[in-house]
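Take a look at the sequence and the structure, then read on.

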There are 2 protein chains.
Amino acid sequence: MPEAQLAERLMAGETRALARAIRMVEDRDPAIADLLRLVRERAGRARVVGVTGPPGSGKSTLCDQVIERWRAEGHLVGVIAVDPSSPFTGGAILGDRVRMVRHTLDPGVFIRSMAARGHLGGLAAAAREAIRLIDASGRDRCLLETVGVGQSELEVMETADTTVVVTTPVTGDAVQIIKAGILEIADIFVVNKADLPGASKVVRDLKELVRHGKLRTEWSPPVLTTVAETGEGVDDLVAAIERHGDAIAASGELERRRIARLRAEVEAIVVERAAERARSALHEGRMSRELEGDLSRVDPYALAERILNGNSRELTEQ
Amino acid sequence: MPEAQLAERLMAGETRALARAIRMVEDRDPAIADLLRLVRERAGRARVVGVTGPPGSGKSTLCDQVIERWRAEGHLVGVIAVDPSSPFTGGAILGDRVRMVRHTLDPGVFIRSMAARGHLGGLAAAAREAIRLIDASGRDRCLLETVGVGQSELEVMETADTTVVVTTPVTGDAVQIIKAGILEIADIFVVNKADLPGASKVVRDLKELVRHGKLRTEWSPPVLTTVAETGEGVDDLVAAIERHGDAIAASGELERRRIARLRAEVEAIVVERAAERARSALHEGRMSRELEGDLSRVDPYALAERILNGNSRELTEQ
């Protein structure tokens, strides 16, 4: 399908066109640049909500509940479950996500699990493009779910308008949250499994943390409690998400975040194209011959500089 | 300290100089390029052994035992414990590594835990540079330990000459290993905690896997059993590591791996410098003004192309 046609179907909200476009993002199809350009002016309306937290905190069940509320309010929903592709935990994470699958029968909900295979800009860059596509397809609420296992997940969260950090009486440790830089990205804290012993202590600790921590905006992150299994507290969470969205739109923070996101996007593309240039120079071009012979004489920094500043002739000539 | 002096001390084997140089790698000190150039011709002699496996598989204890054997044989040892900086598991991983600490009293063992803060080329690039420094400092055995939690750890392992994949009767699941692409990188399998029930089944499964899997070289990965706590089986592991090192040196595979590593190194530097260029163009340069106004009119791909091919004047002019 030519890009123009795909773009049109996508903007008409067709699920299959959206699924196909997101697969193009994952596969690093070169045509994705054109497609994103074609749909760009339709994007920018969806609210993007990131949900992160340690494995076992009940994120998926919570997302499931939030989706249900959004659907009841008539929103169209897109969900990207970011898969960190852990070699050792892959199975468990996928299993966890099966909980959201019941919504796949609802055409108003688009759910996609996404890995960052081959995307040098990383998960964050892939997620950003997927969100743009979901946004352009007319879905006005977008959930971005990650398992918090590293720096790349923090970066993914930075692509959201509103970030929800989920913890539990079992996994919630305020010290960990400070250390990990999570306080800086959290717009809303949720203590899930709040029916377990110790919940009120976690709430207290988090409130203390918010009170004394350095916040990135005037918005002071509320600390909510939920029991995702029963739906308890989910209405308040949905309301807090809307409130945060309104607050940052009014204060200009939304605009600032979107500019920051655009910058990050451009940077990710620069990085990816530079890497492609390096690969082609080092594998096929004339420079590949310099990697023969005495390797200790090769200065990788000097070679890198030449690739970055080289004209295409030097780079590709064989 | 000027780089020339630091390089000299490092090549004389001074621990403090090595520690300082590795800190420069972590901090992305711009002087690291010069330092690496100065010490480059001294590197290339160390055998680099990567050890990976799921949390709780006893990797650190096993490394501890291998270090002890190497020291008894008179080798000088460098250890890089790669820290994936997980926001949620940071504490546990550090705790685990305390087991190796007893060797820090031995001047013949250099141990450093390393994070990839700010290193865009990622953990793998940082580890590669650290290894080069350790190598140049005259340490002839280098251990690279990672917790297997994602793609970046697989990349780290690709920087090793010999990769040891540790599993246990509890954590070892052949299916996971196939899915994760671990078979492709493993040169030696170790079933640790082999005194636990189920060990022989894991060994059988792994042998089956090796027999039917697609191997990357003629070397067929042996499946060894160890009980790291008691040292059982460690002598065999150390012997297998030496055997693998000799085999790949003889077959030319070592040379191929080192060229691949150099390529990856150059690519990582290109990527990092391209990202720096993008950041400065988008934050200070003339292009930053294009990120004002109607964002939907900005084409990130076109902007990226201009940054990548732009002359320095267009990029930095305000």
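Ala17(A) sits in helix α2 of chain A, which covers residues 15–27; helices here are DSSP runs of H or I with at least four residues, strands are E runs of at least two, and both are numbered from the N terminus. This is a predicted model, where local features need pLDDT of at least 70, side-chain atom pairs count only at pLDDT 80 or more, and totals for chains, interfaces and linings use all residues. Residues are numbered from 1 along each chain as its sequence is written, while chains are lettered from A and ligands numbered from 1 in the order in which they are written.

Is Ala17(A) buried or exposed? Ala17(A) has 21 other C-beta atoms within 10 Å, so Ala17(A) is buried. (Buried means 20 or more other C-beta atoms within 10 Å of the residue's own, exposed means 12 or fewer, and partly exposed is in between, with C-beta atoms placed from the backbone.) Setting aside neighbours within four places in sequence, Ala17(A) is in contact with Leu6(A), Arg9(A) and Leu10(A); contact means C-beta atoms, placed from the backbone, within 7 Å. Met1(A) is 16 residues away from Ala17(A) in sequence, and their C-alpha atoms are 9.8 Å apart.

## Chain A as a whole

Zooming out, chain A has 14 helices and seven strands. Of its 318 residues, 47% are buried. Take the contacts in chain A between residues at least 6 apart in sequence: 78% of them join residues at least 24 apart.

## The sheet in chain B

Over in chain B, seven strands form an open sheet with parallel pairing, in the order β3-β2-β4-β1-β5-β6-β7. Two strands pair if DSSP finds at least two bridges between them. The edges are β3 (109–114) and β7 (223–225) of chain B, each pairing on one side only.

Strands β1 (residues 47–52) and β5 (residues 162–167) of chain B run parallel and are joined by four bridges. Across this pair, Gly50(B) stands opposite Thr163(B) in β5(B).

Helix α4 (residues 59–72) of chain B packs against α11(B) at about 70°, with the axes 10 Å apart. Axes are lines fitted to C-alpha atoms, for helices over the stretch in contact, and angles run from 0 to 180 degrees between N-to-C directions. So α4(B) and α11(B) are roughly perpendicular, a label for 65 to 115 degrees (under 35 is roughly parallel, over 145 roughly antiparallel, the rest oblique).

Note on methods: Contact = placed C-beta atoms within 7 Å.
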